[in-house]
Number of protein chains: 2
Amino acid sequence: MKLSQRIQAMQFSPIRKLAPYAAAARAQGVTVYPLNIGQPDIETPETFKNALSSFHEKVLAYSDSRGLDVLLEAYRSYYKGWGMDFEKEDLIVTNAGSEALTFAMTAICDPGDEIIVPEPFYTNYNSFAALAQAHLKPLTTKAEDGFHLPSKEAVEALITERTKGILISNPGNPTGVVYTEEEIRMLTAICLEHDLTFIVDEVYREFTYDGLKFFSPFQIPEALEHLILIDSVSKRYSACGARIGLIASKNKELMQQVMKLAQARLCVPTVDQIASAELFSTDPSYLEKVNKEYAERRDILYAALKEIPGVICEKPTGAFYIVVKLPIANAEEFAQWMLTDFRYENQTVLVAPCAGFYATKGLGQDEIRLSYCIQKAALQKAAQVLRHGVEEYQRLH
Amino acid sequence: MKLSQRIQAMQFSPIRKLAPYAAAARAQGVTVYPLNIGQPDIETPETFKNALSSFHEKVLAYSDSRGLDVLLEAYRSYYKGWGMDFEKEDLIVTNAGSEALTFAMTAICDPGDEIIVPEPFYTNYNSFAALAQAHLKPLTTKAEDGFHLPSKEAVEALITERTKGILISNPGNPTGVVYTEEEIRMLTAICLEHDLTFIVDEVYREFTYDGLKFFSPFQIPEALEHLILIDSVSKRYSACGARIGLIASKNKELMQQVMKLAQARLCVPTVDQIASAELFSTDPSYLEKVNKEYAERRDILYAALKEIPGVICEKPTGAFYIVVKLPIANAEEFAQWMLTDFRYENQTVLVAPCAGFYATKGLGQDEIRLSYCIQKAALQKAAQVLRHGVEEYQRLH
């Protein structure tokens with residue numbers, strides 16, 4: 001069978017590549033702390049399961065391509081709480097944030113068009129871009145700067161005739177950065193001046209710490225026509241398995257066109273939509289508690305990382321990730337070695353090497369991404385194991 | 001906002017275009033028989049809902065990108081019943097048949113590559129092809145021939161250097177045709193001789209009538225490396241809202257590459273997978289009863305259609321559709337007129353005009369597709385209303 005060039009050019013998930021080594025270590029009876037993926041361990045609100053049990057339709061029918069009204073209404077009132085005013089026509093429910101991103105890129109890019117993205121960025125952006133035949137143009141940010149943005153001039157230097165938009169994840173995966181109001185206003189101004197679309201992936205909106213206020217370009221009225229919002233219930237309500245996301249925009253022409261993509265795949269699963277709508281009625285104390293929990297975990301992990309000689313990282317202020325520069329040349333080799341060779345009191349740690357999060361070749365090779373989606377006591381132990389691992393690896397290499 | 005050329009070039013669903021006119025008629029108190037879409041009215045097996053109620057995981061987590069083991073195993077043993085032997089590695093669960101088709105086209109086509117498809121074909125094939133930047137090359141089939149295939153030479157005449165595969169829906173949407181073993185062997189032979197991939201969309205596998213035996217190219221051992229199977233629980237178990245489909249192939253290299261696409265969107269909804277796995281344990285009498293019901297409906301509809309002077313159609317032998325050539329020049333205008341102007345005893349019928357099911361411009365303009373997804377008594381009335389509509393329209397035009 002002749003396979004397409006483009007599928008062969010796509011990358012396998014760099015995060016999932018180490019899974020077999022982790023499985024082998026576990027099979028040996030080793031405790032492997034999973035700091036590699038963003039799978040929250042937080043309990044999903046009961047509201048989801050309750051809605052499942054009370055599903056009583058006789059025929060599990062197609063729903064509307066835009067999404068079920070009950071979910072669209074839940075989203076609308078949720079956004080009102082954030083000062084964002086959406087009509088039903090501004091929203092289309094998607095198969096998680098993944099499909100929303102594919103829709104957005106397909107809607108603004110023809111093959112070969114470019115989207116500027118701060119790197120390191122969520123690795124699957126590469127896959128969605130490959131599918132849309134779009135080219136991601138990296139705007140390099142650095143561990144030393146806490147992954148904040150460079151100057152307006154540095155961003156503008158990347159703009160070409162093929163540039164169609166700027167895409168950010170805010171709060172950021174994999175960096176944990178929360179962009180300041182000034183940074184968001186700077187990117188917005190660039191989009192308005194150069195007639196670009198600003199795609200904002202805000203799935204971690206609730207996860208900002210230290211009393212930091214989250215700022216969205218949707219708070220800038222004159223920008224609205226230029227904005228696309230990507231959202232999902234996955235992280236917010238620890239409902240990754242629901243695969244319920246959203247694409248939203250006040251640009252009517254865009255949303256009319258995106259409806260073609262939505263109609264092509266007919267609709268999103270019915271029961272997940274009904275149950276996800278219920279998630280939005282979860283008591284606000286749930287999200288407050290979750291936020292506090294993540295902030296405490298971040299403090300534990302960050303403090304422990306700072307104890308490791310030679311490690312460079314700034315304290316992240318959002319999401320549940322941190323990118324760490326190690327005093328090690330090849331983080332991918334190190335990550336594998338941790339699973340195959342290193343044990344500390346019969347424990348080891350599974351981390352995500354960062355090279356795959358960069359589009360610029362050669363960057364991120366000494367960096368790893370850690371997520372803090374495990375309990376505090378385990379996180380403390382994992383950090384200790386990592387420290388011993390780094391020290392041992394340095395001794396041997 | 002600048003939108004991409006390609007999204008603007010995509011079509012809106014020709015089936016859903018008439019929905020507002022139907023809604024307006026209903027708002028006037030008119031009974032509108034929906035013969036336009038393939039939304040079964042058959043009850044979904046209780047097994048699905050029971051599985052939903054018994055979902056008790058604390059965290060609704062991501063599942064494996066390939067799909068949950070319980071569902072993969074259910075599929076495997078289902079196919080064993082059809083004499084098809086799949087390993088777990090040969091299967092990837094998808095967001096319904098839609099995603100499976102997008103995956104298949106993306107895997108075998110680079111932009112500009114061609115896939116041969118008998119027309120009329122399922123309109124969304126156009127959208128998936130547009131997304132994959134693939135070109136669908138129509139192999140015209142005719143109402144007069146019951147939409148069976150032309151000669152091997154006619155198929156081969158369409159092959160160019162860019163041809164990568166042949167795609168069929170069998171039993172056919174929108175035609176209701178069930179290809180004979182000879183036809184399937186002929187297409188398979190062409191694929192083997194010209195090194196093409198044969199994509200078979202068999203979501204209506206159970207729906208063949210008159211004791212007809214369904215034949216799949218997966219029954220031809222030497223073809224296996226060249227085949228891609230598209231499947232879905234939507235029609236089989238009247239579970240369109242579950243959005244659970246499958247892509248399957250014995251070609252290991254293909255499935256490895258398709259896994260990249262599956263990893264990019266992480267996974268398919270967890271509870272729909274669990275509940276869909278249960279569907280396969282539905283008592284076989286369920287499918288027998290459904291099959292009998294559809295066959296009876298087909299008989300009613302076909303008999304009534306043959307009563308309409310000037311109508312051309314062969315008795316379809318599968319799925320739950322029939323394409324009918326009307327003695328009317330513009331079926332799209334007729335379909336709209338039925339909703340806006342025509343009433344028979346305060347009833348009318350919603351049909352799907354067929355032009356959108358053809359890739360060749362100008363074809364299908366005098367044809368409509370009817371689905372028989374309503375109760376027999378209603379179907380009888382709908383056919384009577386349609387007959388009066390055709391006669392009245394002819395008088396007026």
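Is Tyr78(A) buried or exposed at 11% relative accessibility? Tyr78(A) counts as buried, where buried means under 20% relative accessible area, exposed over 50% and partly exposed in between, with a 1.4 Å probe and protein chains only. A word on the model: it is predicted, so local features need pLDDT of at least 70 and side-chain atom pairs pLDDT 80 or more, while totals for chains, interfaces and linings use all residues. Residues are numbered from 1 along each chain as written, chains are lettered from A and ligands numbered from 1 in the order written, and side-chain values use heavy atoms, with hydrogens and water left out.

**View 1. Tyr78(A) and its ring partners.** The rings of Tyr78(A) and Tyr79(A) sit 5.1 Å apart, centre to centre, with planes at 65°, so this pair is edge-to-face. (Rings of Phe, Tyr and Trp, the last by its six-membered ring, pair if their centres lie within 6.5 Å; planes under 30 degrees apart are stacked, over 60 edge-to-face, the rest tilted.) Tyr79(A) is buried too, at 0%. Ring pairs join both tyrosines into a cluster that includes Phe86(A), Phe218(A) and Tyr286(A).

**View 2. Arg205(A) over Trp82(A).** The charged end of Arg205(A) is 5.8 Å from the centre of the Trp82(A) ring. The rule here: NZ of Lys or CZ of Arg within 6 Å of the ring centre and within 35 degrees of the ring normal. In chain B, Arg205(B) sits over Trp82(B), with 5.8 Å to the ring centre.

**View 3. Salt bridges around Glu293(B).** Glu293(B) bridges to Arg297(B), with the closest N and O atoms 2.8 Å apart; a salt bridge puts a side-chain nitrogen of Lys or Arg within 4 Å of a carboxyl oxygen of Asp or Glu. These two are four residues apart in helix H11 (residues 284-306) of chain B, about one helical turn. (Helices are DSSP runs of H or I, at least four residues, and strands are E runs of at least two, numbered from the N terminus.) Arg297(B) is buried at 0%. Glu293(B) also meets Lys376(B) in a salt bridge, 3.4 Å from N to O. Lys376(B) lies in helix H13 (residues 376-396) of chain B, so the pair ties together parts 83 residues apart in sequence.

**View 4. Lys17(A) and Glu332(A).** Their side chains form a salt bridge at 3.5 Å, N to O. Lys17(A) is in the loop between helix H1 (5-9) and helix H2 (19-27) of chain A, and Glu332(A) is in helix H12 (residues 331-340), 315 residues apart.
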